[in-house]
Amino acid sequence: MLENFPFYLGLLIIILLLIMLANKIKVAYPVLLVLAGLAISFIPGVPVINIEPELIFFIFLPPLLYEAAWTVSWKELWRWRRIITSFAFVVVFLSALSVALVANYLIPGFSLALGFVLGGIVSPPDAVSAGAILKFVKVPKTISSILEGESLLNDASSLIIFRFAMIAVATEQFLFYKAAASFSWMIFGGVGIGLLIGWLFMKAHKYLPTDANADIVLSLLTPYIIYLAAEEIHSSGVLAVVSGGLLLSNNRHRFLNSRSRLQGINVWESFCFILNGLVFMLIGLDLPQITRGLEEVNISLPTAIGYGVIITAVLIVGRILSSYGAVVVTLIARNFITVADSRNPGLKTPFILGWTGMRGVVSLAAALSIPVYLNNGNGFPQRNLILFITFIVILLTLLIQGLTLPYFIKKIKLTDIYDPIPRDEAANNIKQELTAYTLNYLKTNYSEQVKSNNSLQHLIQKWEHRNNGVDDESIGTDLKDIYLDLLVQQRQWLINKNKEDKTLDESIIRRQMHYLDIEEEKLRYI
């Protein structure tokens, strides 16, 4: 391990430089990292990176899922729950089924159970890849909300399929009634354990005498403990982490102070930045080892590439067709039930949703977690071919869809038919309403101080001119308590506003809440 430390250090530096380059040339960094890893792997003398398969999920998935749960809006998740669950469960299952049938028919010696193993691995799109691409182009909030919500749940559904398929391969049988019971326990047990442990950590943050550093360490431990606890009781660790993360995220202002929230954002962004970079570089670095595995089972490289291309085509076409199918189902369902929005999105939006099907972290982790040997001592059938096909799927979807998605978005010129007013106008309206509420609260509850204190009068004048904030000249130490009370009232007003206005983009509220945290931190240095 120590002799390879310079290599690992250099790898981190390369990842950092490549992500800088990707931002400069406006290309999704997963594409560059995979290609760079592939190029590095052919350099003579490069150490072979081996990670224990059973540790893959535990190292990478819990923190990445937890961070995603903190980022996603629960309100948007609930608003688009039907289409999100359609993509996360129905589309994933149909994708896995399509892959299983094609692989079983096309690849010699590939049983249906092995087909579902492969299908469970490659069926979930990667949110990191899509997010890295979408930050360079402007897309309607509707699309980004659906993709964020789907990414939280499709990992769980695909890994459940993967787990049952692995059991079927190992036991050579599949009992439906046992599978149904296990499936129910994995879902409800996973959600339950996630909520329970999330609630316990929330109380720990709130009642223990923690500071910002302790809060951050607790937040780093949370996803790993939730995931491990859920897996120990044979439920879904992915759903547990997601449900626990959503609970804590939705209540973050109840148990974390402003400093913990501000510092925690920076720590988590840096931590996930490293994890994502490593895992995409690992995809490229693993190819030579996977290729050598093909030679051991006498499968030619062109043949294996052909299988990978066909599976990739099945996934791309299947997701696009499913996107249009989801729209058709929604338009039919609006005649019988209330849907989030009954307007016809046309032909453009489903195509973009269908084209955002790049594969990445979860697929790699699932593929590498396949054991080399079964419990009976026999080698896992077709393991090397499954690994290679997974690599081809990840590489092709990143290159084909990842590089062309920005072009399609710019060419199609999507308009958000779901937002009643433009985002900038909505943000400005929130600022105006918050200022009016704050001035009214201040004049009502601190009327005597307003009359007698020049600094407070100066602060009111700044707010009236929409220049919110404090500085060294506008507030003294005697007014800090008043200003802290105002910040508390403003946060509560924003929380209530977010709950009451169902069409309001929650990211606008979160940005304003972040600004209030910064204001509160400024008081420490005045």
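Q: How does H2 pass H13, in a left-handed or a right-handed crossing?
A: A crossing is left-handed if the near helix is turned anticlockwise from the far one by less than a right angle, and right-handed if clockwise. Here H2 passes H13 in a right-handed crossing. Helices (H or I, at least four residues) and strands (E, at least two) are DSSP runs, numbered from the N terminus.

Q: What should I know about the model and its numbering?
A: This is a predicted model: local features need pLDDT of at least 70, side-chain atom pairs count only at pLDDT 80 or more, and totals for chains, interfaces and linings use all residues. Residues are numbered from 1 along each chain as its sequence is written, and side-chain values use heavy atoms, leaving out hydrogens and water.

Q: At what angle do the axes of H2 and H13 cross?
A: Two packed helices are described by the angle between their axes and the distance between the axes. Axes are lines fitted to C-alpha atoms, for helices over the stretch in contact, with angles from 0 to 180 degrees between N-to-C directions. The axes of H2 (residues 29-41) and H13 cross at roughly 45° and come within 6 Å. That makes H2 oblique to H13. Angles under 35 degrees count as roughly parallel, over 145 as roughly antiparallel, 65 to 115 as roughly perpendicular and the rest as oblique.

Q: How do the axes of H5 and H6 cross?
A: The axes of H5 (residues 81-106) and H6 (residues 112-122) cross at roughly 135° and come within 7 Å. H5 and H6 are therefore oblique to each other. H5 passes H6 in a right-handed crossing.

Q: Is arginine 79 buried or exposed?
A: Buried means under 20% relative accessible area, exposed over 50%, partly exposed in between (1.4 Å probe, protein chains only). Arginine 79 lies in H4 (residues 74-79). Arginine 79 has 15% relative accessibility, so it counts as buried. Its C-alpha atom is separated by 9.0 Å from that of threonine 503, 424 residues apart along the chain.

Q: How many residues of H16 are buried?
A: Seven of the eight residues of H16 (residues 348-355) are buried. Among them are Phe351, Leu353 and Trp355.

Q: Which residues make the nonpolar surface patch?
A: A nonpolar patch joins side chains (Val, Leu, Ile, Met, Phe, Trp, Tyr) within 5 Å, from residues with over 30% relative accessible area and no salt bridge; like charges are joined within 9 Å. A salt bridge is a side-chain nitrogen of Lys or Arg within 4 Å of a carboxyl oxygen of Asp or Glu. The patch here covers about 800 Å² and includes Phe5, Leu12, Met20 and Phe273. Its largest share, seven residues, comes from H1.

Terms used
Areas by Shrake-Rupley, 256 points an atom, 1.4 Å probe, with all protein chains shown as cover.
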